[in-house]
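Please keep the sequence and the model in view while reading.

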Amino acid sequence: MSRTTMPEPGVVDPLAMRRTMGRFATGVAVITALDGDQPHGMTVNSLTSVSLDPPLLLVCLTTGARTTEAVVGDGRFAVNILGARQEGIAMRFARRGADHFDGLPLQYGRHAVPVVPEALAHLECTVERHFQAGDHTVVIGHVQQVCDRAGEPLAFLSGQFGDLVERGQEPQHWFF
Ligand SMILES: Cc1cc2nc3c(=O)[nH]c(=O)nc-3n(C[C@H](O)[C@H](O)[C@H](O)COP(=O)(O)O)c2cc1C
C-alpha cells in the first residue's frame with residue numbers, strides 16, 4: 001500500500017473513497033420504479049443481499065435522484081441484474097438527466113413495476129424501510145418475486161466494466 005498519499009486520519013476525500021471502494025469488484029444492476037405513469041431507472045453497484053428469511057436486499061441511491069424519489073414514493077421497485085452484454089444498458093441508465101427509457105420497449109414485472117428486457121435476473125421488491133446515510137438513501141427491499149436465466153454477468157471494477165471468468169472449480173457452499 002502506498003503511504004505517500006495518506007491523508008490526515010478521519011479526512012477521506014470523496015474521490016479517494018470512490019477509487020478505493022472501486023477495488024471491490026461487483027456486478028451491475030438497474031433499479032427501476034414508477035413515478036405515476038413515468039418509469040425511471042438508475043444503474044447501481046451498491047446492491048447487497050441482506051437476509052434470506054425474510055428475503056431482504058439493500059441498495060444505496062443518491063438522495064433526490066428521480067429514481068430514488070420514485071422508489072420511495074411508490075413503495076415498489078425492481079432490481080434488474082445485468083448480463084455481460086448489457087454494458088450499453090448500464091451506460092444508458094447512468095446518464096444524468098436523460099430519459100432513461102426513451103426508445104426502450106417497456107416491459108412490466110408481475111408486480112407492475114417496469115423491468116429491463118433481457119436482464120440476467122429480476123427481483124421485484126416492496127420498500128421495507130429507507131433511511132438517510134450521508135448523501136445517499138439506503139433502501140431495504142422485501143423481495144416479492146424473483147426470476148433469473150443462465151448467462152454471464154456484467155462486472156464492474158476500478159471504474160470499468162468487465163467480464164468475470166469462471167475457474168471451472170466446484171461450487172463453494174455457504175456455511176453460514
Ligand atoms: C457502474 C455504476 C454503478 C453505479 N452505482 C450507483 C449506486 O449504487 N448508487 C447511486 O446512487 N448511483 C450509482 N451510479 C450512478 C447513477 O447510475 C447515476 O447517477 C444516475 O443514474 C443518474 O440518473 P439521474 O439523472 O436520475 O440522477 C452508478 C453508476 C455506474 C456507471
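**Overall form**

With 176 residues, a compact globule would have a radius of gyration near 16 Å, and the protein agrees with this at 17 Å; the radius is taken over C-alpha atoms, and the globule rule is 2.2 Å times the number of residues to the power 0.38. The model is predicted: local features need pLDDT of at least 70, side-chain atom pairs count only at pLDDT 80 or more, and totals for chains, interfaces and linings use all residues. Residues are numbered from 1 along each chain as its sequence is written, and side-chain values use heavy atoms, with hydrogens and water left out.

**Fold and packing**

- The secondary structure comprises 3 helices and 12 strands, where helices (H or I, at least four residues) and strands (E, at least two) are DSSP runs numbered from the N terminus.
- Along the principal axes, the C-alpha atoms fill a box of roughly 50 × 45 × 35 Å.
- Of the 176 residues, 35% count as buried (buried means under 20% relative accessible area, exposed over 50%, partly exposed in between, with a 1.4 Å probe and protein chains only).
- Among contacts with a separation of 6 or more, 64% are between residues 24 or more positions apart; a contact means heavy atoms within 4.5 Å.

**Pockets**

- The largest pocket holds about 1,800 Å³ of space. On a 1 Å grid over the protein atoms alone, a pocket is an open set of points where a 1.4 Å probe fits, with protein on both sides within 12 Å along at least five of seven lines; lining residues have an atom within 4 Å of a point. Grid points are joined across faces, edges and corners, and a volume is the space filled by probe spheres set on the points.
- Its lining consists of 44 residues, and Arg18, Val44, Asn45, Ser46 and His136 lie nearest the centre of this pocket.
- Elements that each supply at least two residues of this lining include helix H1 (14-21), strand S3 (38-44) and helix H2 (66-74); H1 gives the largest share, 6 residues.
- By class, the lining of the largest pocket has 21 nonpolar, 16 polar and 7 charged residues (Ala, Val, Leu, Ile, Met, Phe, Trp, Tyr, Cys and Pro count as nonpolar, Asp, Glu, Lys and Arg as charged, and the others, Gly among them, as polar).
- The second largest pocket has a volume of about 480 Å³. Pro153, Leu164, Glu166, Pro171 and Gln172 are the closest to its centre among the 13 residues that line this pocket.
- The lining of the second largest pocket divides into 5 nonpolar, 3 polar and 5 charged residues.

**Cysteines**

- The structure holds 0 disulfides, a disulfide being a pair of cysteine sulfur atoms within 2.5 Å.
- The sulfur of Cys125 is 12 Å from the closest cysteine sulfur, in Cys147, which is too far for a bond.
- Cys125 is buried, with a relative accessible area of 3%, whereas Cys147 is partly exposed at 45%.

**Backbone features**

- Most residues other than glycine have a negative phi, and most peptide bonds are trans.
- Asp53 and Pro54 are joined by a cis peptide bond with omega of about 5°; Pro54 lies in the loop between strand S4 (48-51) and S5.
- Glu118, not a glycine, has a positive phi of about 65°. Glu118 sits in the loop between strand S8 (114-115) and strand S9 (121-133) and is exposed, at 65% relative accessible area.
- Ser158 likewise is not a glycine and has a positive phi, of about 50°. Ser158 belongs to the loop between S11 and strand S12 (160-163) and is partly exposed at 36% relative accessibility.
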